[in-house]
Amino acid sequence: MSEGNQSRVTEFILTGFPGLHPQYYGLASAVLFLVYVVTVKANAAVFFLFATNKSLHKPVYYIILNVSACDLLFSTTTLPKIISRYWFQSGRISFTAGFVQMYLVHYLGSVNSFIFALMAFDRMITLLGPLAFILFSYSSIFIEISKVTNLGNCGKSLSTCSTQLIIISLYYVPRCFVYFASQVGIKFSADLRIVIIMLYSLVPPMINPLIYCLRAKDIRECLMKQFYKEKSRFHQFTMNRPAH
């Protein structure tokens, strides 16, 4: 009895942006490379500040550190291969590498969801479960804030929550838009869908550490202290350098 025809998938072809004209490959790869560099540097700065400042060794900043770790790993899992697709025409990925990449993307995305749920729990269906809890938590916060008659205290309370709300919006709004649009039958072009996916996958890891540094008082103070320390070292170096 003869055996039937069998085929085995050994690799995948990365298409990138299917509708992108080749003359824009350089621009697209440059933008992606810039996003990756900013993501790495910003999240590395969070790790450096945490390692060099004991004042940041608090539970709330451990949560931020975990978000930075997930963001850094997520970007490193996806962006280098996308960039190489346009720089070196390396559009092939082995089945094993593709499977591992897919696993890490879903795993790290799920970890981020639970971290955001933990952040909501800490203030003063893997994706939508944490989102429902987050919405319930912040709705309760806003109800309590609405009872405050002092405008100054009300504004301070809203400012305290704004950091988490910005991060959660960047992470969830594009995702929910894609999911709900597909449920009601709205169809997108392949390029637009990829842009939306990249928006919620790659922008938050780049923006998150910037938000932390600007909004978290302790991190902002440590960052400024480190800046002035490096500035002083550079000034001393230039003063001590022998004149030619």
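This is a predicted model: local features need pLDDT of at least 70, side-chain atom pairs count only at pLDDT 80 or more; totals for chains, interfaces and linings use all residues.
## An aromatic cluster

Phe33, Trp87 and Phe88 together make up one aromatic cluster. An angle over 60 degrees is what places a pair in the edge-to-face class.

How exposed are Trp87 and Phe88? Trp87 has a relative accessible area of 39% and is therefore partly exposed. Phe88 reaches 60% relative accessibility, so Phe88 counts as exposed.

## The chain as a whole

The protein chain has 244 residues, and buried residues account for 34% of them. Its secondary structure consists of seven helices and two strands. Along the sequence these elements follow the pattern β-α-α-β-α-α-α-α-α.

## Helices H1 and H2

Two packed helices are described by the angle between their axes and by the distance between those axes. Helix H1 covers residues 25–52 and helix H2 covers residues 59–87. The two pack at an angle of about 155°, and their axes are 9 Å apart. Because of that angle, H1 is roughly antiparallel to H2; the cut-off for this class is an angle over 145 degrees. The crossing of H1 and H2 is left-handed.

Which kinds of residue form the contact of H1 with H2? The contact residues divide into 21 nonpolar, six polar and two charged.

## Aromatic pairs and a charge over a ring

The count of aromatic pairs comes to five. One of them joins Tyr25 and Tyr86, whose ring centres are 4.9 Å apart and whose planes stand at 65°, so the pair is edge-to-face. Tyr25 belongs to helix H1 and Tyr86 to helix H2, so this pair ties together parts that are 61 residues apart in sequence.

Is Tyr86 buried or exposed? Tyr86 has 5% relative accessibility, which means that Tyr86 counts as buried, because the limit for a buried residue is under 20%. The ring of Tyr86 also has a charged group over it: the charged end of Arg85 sits there, 5.1 Å from the ring centre.

## Positions brought together across the sequence

Val31 is found in helix H1. With a relative accessible area of 44%, Val31 is partly exposed. Its C-alpha atom is separated by 9.4 Å from that of Ile83, although Val31 and Ile83 are 52 residues apart along the chain. Thr76 lies in helix H2 and counts as partly exposed at 40% relative accessibility. Between Thr76 and Thr39 there are 37 residues of separation along the chain, and their C-alpha atoms are separated by 9.4 Å.

Leu108 lies in helix H3, which spans residues 95–122. Its relative accessible area is 6%, so Leu108 is buried. Which residue lies 8.0 Å from Leu108, C-alpha to C-alpha? That residue is Asp71, 37 residues away from Leu108 in sequence.

Ile166 lies in helix H5, made of residues 151–183. At 41% relative accessibility, Ile166 counts as partly exposed. Ile166 and Ile211 are 45 residues apart in sequence, while the C-alpha to C-alpha distance is 8.4 Å.

How values were computed
Residues are numbered from 1 along each chain as its sequence is written. Side-chain values use heavy atoms; hydrogens and water are left out. Axes are lines fitted to C-alpha atoms, for helices over the stretch in contact, and angles run from 0 to 180 degrees between N-to-C directions. Helices (H or I, at least four residues) and strands (E, at least two) are DSSP runs, numbered from the N terminus. Angles under 35 degrees count as roughly parallel, over 145 as roughly antiparallel, 65 to 115 as roughly perpendicular and the rest as oblique. A crossing is left-handed if the near helix is turned anticlockwise from the far one by less than a right angle, and right-handed if clockwise. Ala, Val, Leu, Ile, Met, Phe, Trp, Tyr, Cys and Pro count as nonpolar, Asp, Glu, Lys and Arg as charged, and the others, Gly among them, as polar. Buried means under 20% relative accessible area, exposed over 50%, partly exposed in between (1.4 Å probe, protein chains only). Rings of Phe, Tyr and Trp (its six-membered ring) pair if their centres lie within 6.5 Å; planes under 30 degrees apart count as stacked, over 60 as edge-to-face and the rest as tilted. A charge sits over a ring if NZ of Lys or CZ of Arg is within 6 Å of the ring centre and within 35 degrees of the ring normal.
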